[in-house]
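Visitor: Please put the model up, and then take my questions one at a time.

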2 protein chains.
Amino acid sequence: MNPRNRLNFSGGPGALPECVLQQLQQAIIEVPGVGLSILGISHRSDWFAAVVAELEANIRSLLGLPTGYHVLFLQGGATQQFSMIPMTLLRGRRAPAEYLHTGYWSGKSVAEAQREGPVRVLWSGEQGGFRELPTVADLDFSADAPYLHYVSNETVEGLQFHRLLGRDDVPRVCDMSSDFLSQPCAAERFSLIYAHAQKNVGPAGVTIVLLRDELLKDVPPNLPGYMDYRNHALAHSNFNTPPVFAIYAVLLVTRWLLDDIGGLEGMAAINQRKAALLYAQIDASDGFYRGRAKPVDRSEMNCAFNLDSAELETRFLAAATQAGFSGLAGHRAVGGIRASLYNALTLPAVEQLVGFMADFQHRESRHRTENSGLSSSVSPSS
Amino acid sequence: MNPRNRLNFSGGPGALPECVLQQLQQAIIEVPGVGLSILGISHRSDWFAAVVAELEANIRSLLGLPTGYHVLFLQGGATQQFSMIPMTLLRGRRAPAEYLHTGYWSGKSVAEAQREGPVRVLWSGEQGGFRELPTVADLDFSADAPYLHYVSNETVEGLQFHRLLGRDDVPRVCDMSSDFLSQPCAAERFSLIYAHAQKNVGPAGVTIVLLRDELLKDVPPNLPGYMDYRNHALAHSNFNTPPVFAIYAVLLVTRWLLDDIGGLEGMAAINQRKAALLYAQIDASDGFYRGRAKPVDRSEMNCAFNLDSAELETRFLAAATQAGFSGLAGHRAVGGIRASLYNALTLPAVEQLVGFMADFQHRESRHRTENSGLSSSVSPSS
């Protein structure tokens with residue numbers, strides 16, 4: 001097969017739309033109308049100021065974000081946000097921030113918050129192996145918490161909240177790294193949303209933060225300059241040299257979402273069809289494929305599943321690679337198989353995957369039947 | 001003119017070599033042999049592990065770095081290093097770290113260090129408008145300092161140290177953001193060297209840090225995870241998702257330095273010729289162009305100069321833009337003209353610039369002579 005056609009089901013960095021790649025390819029040599037490579041354009045140029053302004057406007061438009069929010073483009077990934085958030089909102093506070101421990105990534109966020117102030121883990125799925133999310137009845141949110149923090153989609157375990165959590169009188173802070181701009185998200189109900197780009201909206205190297213102005217009214221003194229949101233807000237994400245290329249790539253993705261996909265409603269419809277197709281294949285496999293997550297908490301972004309044995313999973317992954325699929329190995333923390341269905345992964349790619357899964361199951365089942373037939377016919381003479 | 005031929009004298013992000021741009025352009029669509037866009041390749045892939053390993057080896061080879069150093073690729077720019085360094089080496093210490101205040105960027109580094117612990121500004125050029133660097137006699141380094149920090153090249157003012165500073169018994173920490181890999185630098189005499197990529201070695205979005213293992217033996221507790229060098233060292237710059245594209249670009253630049261340029265000696269020879277040509281033009285202009293920095297402290301990377309008036313400078317910049325030169329306006333903090341001569345800016349580009357400068361001076365001088373001739377011939381009848 002043409003290697004360019006490898007289908008990228010990676011957990012991230014994920015694929016980007018072909019039309020975005022083509023524009024980026026051109027920009028590497030020359031940004032249209034500017035006469036310079038995008039890699040050598042000044043971050044203080046009018047061109048780049050217009051890129052940031054349009055990107056911010058596109059994100060506001062896609063999410064229907066009301067006024068009163070900053071939209072920032074930072075470095076350091078979600079990991080740095082795990083620290084910046086409690087440095088800003090928890091340091092020096094007595095009431096604990098409330099965190100949900102729903103999987104690998106929210107676990108990291110809890111550990112970082114605990115360095116900065118008191119944390120109450122409101123619910124943990126650790127004992128259950130992170131196969132489900134809390135129900136409404138499981139959660140007793142406090143009115144005193146400086147904020148509630150949760151991860152909307154756990155990429156490793158394939159768990160996604162399909163509802164809004166928390167109380168309107170406590171700031172909601174949400175790591176949407178792996179489902180940002182994959183569907184509408186009631187952004188106006190959150191005080192702070194953050195997402196690194198490399199799942200649905202761009203290459204690794206830029207992290208998007210939306211936060212309410214009022215969160216910056218009472219920031220602790222003497223934060224390191226880069227860790228102080230106010231610096232980035234004041235400078236319109238140009239406090240120091242921002243990752244120009246990655247930010248431009250995110251702009252192109254938002255244009256694609258607005259112009260070609262029909263906004264977040266359009267994107268959600270496509271993403272739902274992709275996920276439904278894959279989970280239907282799993283559910284129709286008579287247990288040959290077994291979804292990791294409780295069905296009601298299944299992620300539309302990351303479908304984690306297992307086969308009967310580690311050996312069979314290894315065989316599945318080898319055959320999938322051979323067939324042109326890429327990135328299907330589960331996260332090293334949990335193993336198994338994971339198919340990630342980020343925005344740029346197309347419905348035809350999922351159709352090819354479910355076709356491959358059906359074939360693989362068919363071959364294996366025939367193989368087993370033949371082997372068991374063989375062994376029963378051989379056994380008398382052994 | 002063909003806009004692709006615009007000559008990029010920007011203070012940064014700077015130009016990258018044409019051969020690097022071509023390889024990056026291909027990688028946007030498909031990394032050779034991998035079958036995926038570089039923007040969708042997993043940072044946990046064997047391919048990317050090999051990129052990091054080769055890049056690290058290339059940097060060690062270019063600098064002749066002995067064992068006992070970590071080579072890290074981080075996010076957040078030099079600005080984040082301004083904080084990470086004192087968080088690691090100064091927090092909780094009683095003896096002040098020694099800083100030199102030689103210009104715009106070292107001033108930022110002092111302000112960040114002061115948040116973390118005691119700082120002694122050993123020398124400041126502020127009163128003199130940052131037109132020169134300290135002499136050997138100006139500096140009295142203390143043996144008790146946890147470290148000495150200085151900026152090897154001040155991009156805004158065009159000042160560069162052409163000697164090693166400090167004592168061998170106090171860790172040298174140096175911001176080489178704007179001259180890293182432009183020349184040999186006696187790296188083994190430093191305990192920590194850091195440089196963002198976007199001047200000489202790559203696009204904005206990655207920062208290179210070399211640091212001696214022993215600096216990490218006594219790190220203060222509870223640093224934010226991303227700000228703790230140990231996490232990055234342990235994970236070989238894969239603590240969280242690194243900026244894959246920017247790191248690959250830096251790898252390509254190091255290959256270019258090694259294979260096409262003849263290493264740092266070769267690069268230094270080219271950079272010296274470029275700078276000599278430009279400063280010679282300034283010095284031969286009878287004061288029409290006036291270098292900002294004291295000649296002995298002139299930077300080979302950034303040549304900052306002035307013309308007689310702001311109005312004449314505006315005219316110069318307009319004519320230069322018209323002639324196809326880009327990025328010649330001085331930094332907003334000081335104004336004037338600045339020609340940055342980073343690695344990828346070629347000698348022929350500098351030849352074109354000095355040719356333009358000679359023409360501009362000639363035209364202006366003729367214009368003045370004609371005007372003064374006109375006024376003297378007119379004056380009798382007035």
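Questions and answers on the chains, their domains and some local features follow.

Guide: This is a predicted model: local features need pLDDT of at least 70, side-chain atom pairs count only at pLDDT 80 or more, and totals for chains, interfaces and linings use all residues. Residues are numbered from 1 along each chain as its sequence is written, while chains are lettered from A and ligands numbered from 1 in the order in which they are written.

Visitor: What rotation superposes chain A on chain B?

Guide: Copies are superposed by least squares on the C-alpha atoms of residues with pLDDT of at least 70 in both. The shift along the axis is 0.0 Å and the RMSD 0.0 Å, with a rotation of 180°. That is the relation of a two-fold axis.

Visitor: Which residue of chain A comes closest to the rotation axis?

Guide: The distance is taken at the C-alpha, and it is 2.5 Å. The residue is A:Q25.

Visitor: How many residues of chain A are in contact with chain B?

Guide: Two residues are in contact if their C-beta atoms, placed from the backbone, lie within 7 Å. On the chain B side, 51 residues take part. On the chain A side, the number is 51.

Visitor: Which helices of chain A each supply at least two residues of the side that touches chain B?

Guide: Helices (H or I, at least four residues) and strands (E, at least two) are DSSP runs, numbered from the N terminus. On that side of chain A, the elements are α1 (18–29), α3 (77–89) and α6.

Visitor: How do the residues of that side divide by class, and how many are charged?

Guide: Ala, Val, Leu, Ile, Met, Phe, Trp, Tyr, Cys and Pro count as nonpolar, Asp, Glu, Lys and Arg as charged, and the others, Gly among them, as polar. The side of chain A that touches chain B has 21 nonpolar and 25 polar residues. Its charged residues number five.

Visitor: Where are the domains of chain A, and how far apart do their C-alpha centres lie?

Guide: The bounds come from an automatic or database domain assignment. Domain 1 is 18–261 and domain 2 is 263–367. The centres of the two domains of chain A lie apart by 27 Å.

Visitor: Which element supplies the largest share of the side of domain 1 of chain A that touches domain 2?

Guide: In chain A, 23 residues of domain 1 are in contact with 24 of domain 2. β7 (159–160) and α6 (244–261) of chain A each supply at least two residues of the domain 1 side. The largest share is three residues, from α6(A).

Visitor: What is the strand order of the open sheet of three strands in chain B?

Guide: Two strands pair if DSSP finds at least two bridges between them. The edge strands, each pairing on one side only, are β11 (290–291) and β14 (337–340) of chain B. β12 (residues 302–306) of chain B pairs with β14(B) over four bridges, in the antiparallel sense. The order is β11-β12-β14 (chain B).

Visitor: Which helix of chain B packs on that sheet?

Guide: The helix touches β11, β12 and β14 of chain B, and its direction makes about 10° with that of β12(B). Axes are lines fitted to C-alpha atoms, for helices over the stretch in contact, and angles run from 0 to 180 degrees between N-to-C directions. The helix is α7 (residues 263–283) of chain B.

Visitor: Which residues does the cis peptide bond join in chain A?

Guide: Look in the loop between β1 (7–8) and α1 of chain A, where A:P13 is found. Omega is about -5° for the bond between A:G12 and A:P13.
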